[in-house]
Amino acid sequence: MHSTRAVGLAPAFRQAALRPRNVARNAALRNLFVKRSIQTESFTPSAEQQILNQQRLSRPLSPVLSIYQPQLTWYGSIANRFTGAGLSFLLYGHALAYLVAPTVFDSTHIIELVGSLPEVVKYAGKIILAAPFAYHSLNGLRHLGWDIGRFLTLKGAYASGYAVLAGTAVSTIALLFV
């Protein structure tokens with residue numbers, strides 16, 4: 001079903017300007033407000049949804065990902081969130097598992113399980129746990145420095161970011177051999 005209707009303020013202005021008494025006095029008023037009309041079409045709700053989904057697929061990604069140069073502060077922020085989420089998942093996952101089956105997930109069983117693993121798996125597990133822990137902890141200290149007003153310049157933010165990365169590498173290696 002097609003329908004045509006005028007949109008905008010032009011119909012109201014045209015009606016006021018083109019009253020018979022005004023048109024007779026000034027013929028230029030007739031051409032001042034050009035009549036524009038649009039054609040609309042009614043669709044079923046499922047067809048409307050399909051059109052909307054097609055339009056959403058053709059939209060570009062967030063411009064942050066494509067027009068700005070990636071920076072250390074972005075990566076640091078994203079890594080801090082991921083490491084925090086990962087460490088929280090492990091902590092709460094172990095706590096819930098211990099609540100469900102306390103005899104299976106108690107410390108003696110976990111120590112026996114880790115003791116029976118090959119050395120390569122133990123070191124890989126230590127690195128997987130130590131790196132996020134060290135990074136998140138040191139980046140937390142960096143944030144505390146920001147809270148007291150330190151390292152707030154661009155140079156300070158980059159210097160503290162590189163210090164966190166270096167400290168993470170050293171701490172991960174130290175925790176690997178503990």
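E119 is partly exposed in this predicted model, at 46% relative accessibility, where partly exposed denotes the range between buried (under 20% relative accessible area) and exposed (over 50%), as computed with a 1.4 Å probe on protein chains only. Its side chain meets that of K122 in a salt bridge, with an N to O distance of 3.4 Å, and K122 likewise counts as partly exposed, at 23% relative accessibility. The criterion applied is a side-chain nitrogen of Lys or Arg within 4 Å of a carboxyl oxygen of Asp or Glu, and by this rule the count comes to 1 salt bridge. Because K122 and E119 are 3 residues apart in helix α8 (residues 119–147), they are separated by about one helical turn.

The model is a predicted one, in which local features need pLDDT of at least 70 and side-chain atom pairs count only at pLDDT 80 or more, whereas totals for chains, interfaces and linings use all residues. Residues are numbered from 1 along each chain as its sequence is written, and side-chain values use heavy atoms, with hydrogens and water left out.

The protein chain contains 9 helices and 2 strands, which are DSSP runs numbered from the N terminus (helices H or I, at least four residues; strands E, at least two). From the N terminus on, these elements follow the order β-α-α-α-β-α-α-α-α-α-α. Of the 178 residues in the protein chain, 15% are buried. Among the contacts (heavy atoms within 4.5 Å) with a separation of 6 or more, 65% are accounted for by residues 24 or more positions apart.

The largest pocket has a volume of about 420 Å³. A pocket is here an open set of points on a 1 Å grid over the protein atoms alone, where a 1.4 Å probe fits, with protein on both sides within 12 Å along at least five of seven lines, and lining residues have an atom within 4 Å of a point; the volume is the space filled by probe spheres set on the points, which are joined across faces, edges and corners. The lining is formed by L87, L90, L91, H94, A97, F105, I110, L113, V114, L117 and L129, and the elements that give two or more residues to it are α6 (72–100) and α7 (107–115). Helix α6 gives the most, with 5 residues. The lining divides into 10 nonpolar residues, 1 polar and no charged, with Ala, Val, Leu, Ile, Met, Phe, Trp, Tyr, Cys and Pro taken as nonpolar, Asp, Glu, Lys and Arg as charged, and the others, Gly among them, as polar.

Two further residues of α6 were examined. N80 lies in this helix and is buried, with a relative accessible area of 15%; when residues up to four places away in sequence are not counted, N80 touches Y135, H136, N139 and H143.

A search of the whole structure finds 2 aromatic pairs, defined by rings of Phe, Tyr and Trp (its six-membered ring) with centres within 6.5 Å, and classed as stacked for planes under 30 degrees apart, edge-to-face for over 60 and tilted for the rest. The rings of Y158 and Y162 have centres 6.3 Å apart and planes at 45 degrees, so this pair is tilted. As Y158 and Y162 are 4 residues apart in helix α9 (residues 154–176), about one helical turn separates them, and Y158 is partly exposed, with a relative accessible area of 22%.

In the loop between α8 and α9 is F151, which has a positive phi of about 60 degrees although it is not a glycine. Most residues other than glycine have a negative phi. F151 counts as partly exposed, at 43% relative accessibility.
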